Amino acid sequence: MTVKSTTRARKKAAPGVPDKASAGSAAPELVQLLTPEGERVEHPDYPLTVTPEELRALYRDLVLVRRFDAEATSLQRQGELGLWASLLGQEAAQVGSGRAMRPGDYAFPTYREHGVAWCRDVDPLNLLGMFRGVNNGGWDPNEKNFHLYTIVIGAQTLHATGYAMGITKDGTDDAVIAYFGDGASSQGDVNEAFTFASVYNSPVVFFCQNNQWAISEPTTVQTRIPLYRRASGFGFPGVRVDGNDVLACLAVTRWALDRARTGQGPVLVEAFTYRMGAHTTSDDPTRYRQSEETEAWKAKDPILRLKAHLEKEGLGDEAFFAEVEAESEKLGLRVREGVRSMPDPDPTLIFDHVYTEQHPLVDEERAEYEAYAASFEGEQH
Amino acid sequence: MAGQLSIAKALNGALRKSLENDPKTVLMGEDIGKLGGVFRITDGLQKDFGDDRVMDTPLAESGIMGTAIGLALRGYRPVVEIQFDGFVYPAFDQIVSQLAKMHARALGHVKMPVTVRIPFGGGIGAVEHHSESHEAYFAHTAGLRVVSPSNAHDAHWMLRQAIESDDPVIFLEPKRRYWDKGEVGEDPMLPLHSARIVRPGTDATLIAYGPMVKVCQEAAQAAEEDGRHLEVVDLRSLSPIDFPTLEESLKRTGRGIVVHEAPVFLGLGAELAARLTERCFYHLEAPILRVGGYHAPYPPSRVEETYLPDLDRVLDAVDRALAY
Ligand SMILES: Cc1ncc(C[n+]2csc(CCOP(=O)(O)OP(=O)(O)O)c2C)c(N)n1
Ligand SMILES: [Mg+2]
């Protein structure tokens with residue numbers, strides 16, 4: 001027997017509460033500078049002048065980032081990686097915001113910000129260590145001002161805010177970007193980060209990639225208002241930007257970072273985009289979403305629209321596109337070969353860096369392990 | 001319920017039965033609806049019982065736990081799914097400061113029949129935060145019951161018993177064993193908090209729970225070839241612990257080895273060794289030894305086999321115990 005609960009009658013939203021659907025739909029307030037057809041449009045609040053050179057550089061970034069991501073996905077299928085979280089569809093949000101940063105700025109990523117890492121000049125191979133299972137981080141965050149990937153949803157937004165509080169204390173004009181997802185917006189940590197950033201007027205930009213899904217949960221499970229409007233309750237501005245428009249993402253993030261670095265406090269940027277692929281290689285999206293939805297978003301592809309623009313304006317000729325394609329091939333090869341030749345780690349890495357100094361218990365267990373491992377030497381297994 | 005069921009399917013059946021038997025039972029968690037949970041433990045339940053009873057929640061573990069407590073106050077019997085072990089920590093305050101203490105603080109006037117299901121432990125080649133064994137934190141907290149099944153039968157019946165319990169139960173599911181199959185019998189056979197001797201022996205007692213029971217059974221099998229008869233006890237309940245069963249076993253064998261994935265330092269093995277030594281001192285031929293994880297963060301997956309106790313490490317401890 002199946003027992004349904006009796007609470008159904010209360011399901012309807014109370015009057016005055018916006019309908020759930022509005023949270024997920026692209027409302028008219030979306031900032032856009034490049035239409036899906038590749039038409040350049042102006043926005044009064046976010047003027048942007050880009051040289052043809054810069055446009056081509058952005059195109060190159062988008063293509064290479066997508067190529068790297070596709071390569072990682074296929075390396076996972078071949079068993080070279082244990083898992084991969086693809087950024088497919090989110091290239092513009094990441095490249096636009098990543099290129100808005102200055103060298104002294106600092107990014108705090110989730111686990112999907114491969115495009116931001118690219119802009120911060122982090123070696124793509126470094127990103128793969130964690131997914132291959134050879135390390136739990138794999139780079140020095142301070143080398144490129146790109147923090148380690150954070151898997152625990154939302155935690156990094158507080159770290160970003162604390163880092164920004166430090167910038168204020170130091171009196172420099174650096175700024176911070178905290179990346180997070182639509183799902184993460186529900187976490188206590190994220191809401192606490194908003195509070196701290198607001199009351200300390202910290203130079204941090206909260207960059208939410210609303211890719212419409214948190215694994216199988218649509219954004220409507222997280223919110224009844226558009227996410228960018230959350231900011232107003234915390235006392236700082238929120239902006240919704242077309243996340244598949246690299247120019248709009250660049251302009252809005254640059255504006256937000258400049259505002260932050262000049263002492264005007266945090267901003268929430270909601271990049272309205274779409275997760276074109278599965279959540280990770282372990283996920284099966286056919287169980288929870290319609291392929292028509294994915295198809296509809298294909299028409300808004302971030303790379304195609306910039307390509308259309310370059311072509312229309314005569315800013316990229318065949319030679320240019322061929323050159324980017326060749327570079328992309330080279331990158332793919334480097335990633336493939338790099339991953340395959342990654343050495344398997346020595347198990348004693350377990351005992352490395354647990355503490356800053358020698359620690360008696362760790363030392364003892366390391367010695368025990370080494371003696372135990374040595375007892376097998378010469379044995380056939 | 002004849003036939004072989006995977007642990008995952010046995011758990012799914014237990015949830016289904018619990019939803020059928022008590023209209024106040026509700027399931028809460030991330031991705032437990034259409035997706036059926038990342039391990040498919042809730043597969044098909046939202047379709048059959050509706051989204052009022054099988055609720056996809058916002059992505060916030062403290063929120064899930066805190067509202068489960070509120071639902072319990074209102075007379076519901078929430079069964080919460082935490083997606084992976086490493087993601088229970090945002091809910092830790094609600095569990096240890098609120099859930100565990102509410103009954104005592106209200107002088108017994110309110111009950112907290114909340115079950116917290118957590119896939120735990122390593123061995124699946126996952127990225128970090130997906131392989132943790134945090135049972136000691138929960139077992140250390142008075143007011144919580146903590147259990148972990150090792151096979152399909154127990155998975156089914158212990159989950160039903162946990163849900164029926166009027167106390168909060170932390171239900172630790174051995175995720176690397178989800179696909180192991182076994183018979184699920186027609187009745188539970190044991191109360192929730194009893195241990196079970198899964199293999200009788202005379203030379204030493206291996207004490208394990210959850211994912212390590214299988215490792216210990218394999219070790220005992222291998223030891224048999226060397227003429228050693230190892231007893232294996234499946235603890236099943238981590239709080240309370242069925243000490244009488246363990247004492248009886250140790251008094252017969254004189255040697256005990258506790259095996260868990262969690263770090264040895266201040267792990268459950270420490271409590272077991274200390275208390276069993278107090279109670280069986282004159283019967284012991286050797287100190288009670290422990291095999292477990294190291295005092296280090298759970299390592300990247302390519303070296304996790306080194307971190308996790310395996311047959312060789314268990315037999316190495318058996319050798320050491322027998323050498324006394
Ligand atoms: C605290 C915590 N709870 C649960 C998870 C499991 N989990 C990993 S990703 C994810 C969904 C995240 O969605 P969103 O924030 O929208 O980011 P996206 O993956 O879409 O980029 C969940 C629930 C986690 N990593 N951390
Ligand atoms: Mg998302």
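A: Between domain 1 of chain B and domain 2 of chain B there are 14 residue pairs in polar contact, both residues at pLDDT 80 or more. The model is a predicted one. On the side of domain 1 of chain B that touches domain 2 of chain B, four elements each supply at least two residues: α6 (135–139), β6 (145–147), α7 (152–164) and β7 (169–174) of chain B.

Charged pairs come next. The rule finds 4 salt bridges across the interface of domain 1 of chain B and domain 2 of chain B. Elsewhere in the list of salt bridges, Arg236(B) pairs with Asp154(B) through their side chains, at 2.9 Å from N to O.

Domain 1 of chain B brings 28 residues to the contact, and domain 2 of chain B brings 25 residues.

Now the area. The size of an interface is often given as the accessible area lost when the parts come together. Here, domain 1 of chain B and domain 2 of chain B bury about 1,900 Å² between them. Carbon and sulfur atoms give 49% of that area. Which three residues of domain 1 of chain B supply more of its buried area than any other three? They are Glu135(B), Arg176(B) and Arg177(B). Together they supply 22% of the area that domain 1 of chain B buries against domain 2 of chain B.

Note on methods:
Residues are numbered from 1 along each chain as its sequence is written. Chains are lettered from A and ligands numbered from 1 in the order in which they are written. This is a predicted model: local features need pLDDT of at least 70, side-chain atom pairs count only at pLDDT 80 or more; totals for chains, interfaces and linings use all residues. Side-chain values use heavy atoms; hydrogens and water are left out. Contact means heavy atoms within 4.5 Å. Buried area is the accessible area (1.4 Å probe) that two parts lose on being put together, summed over both. A polar contact is a pair of N or O atoms within 3.5 Å; within protein, one must be able to donate a hydrogen and the other to accept it, and residues adjacent in sequence count only if both atoms are side-chain atoms.
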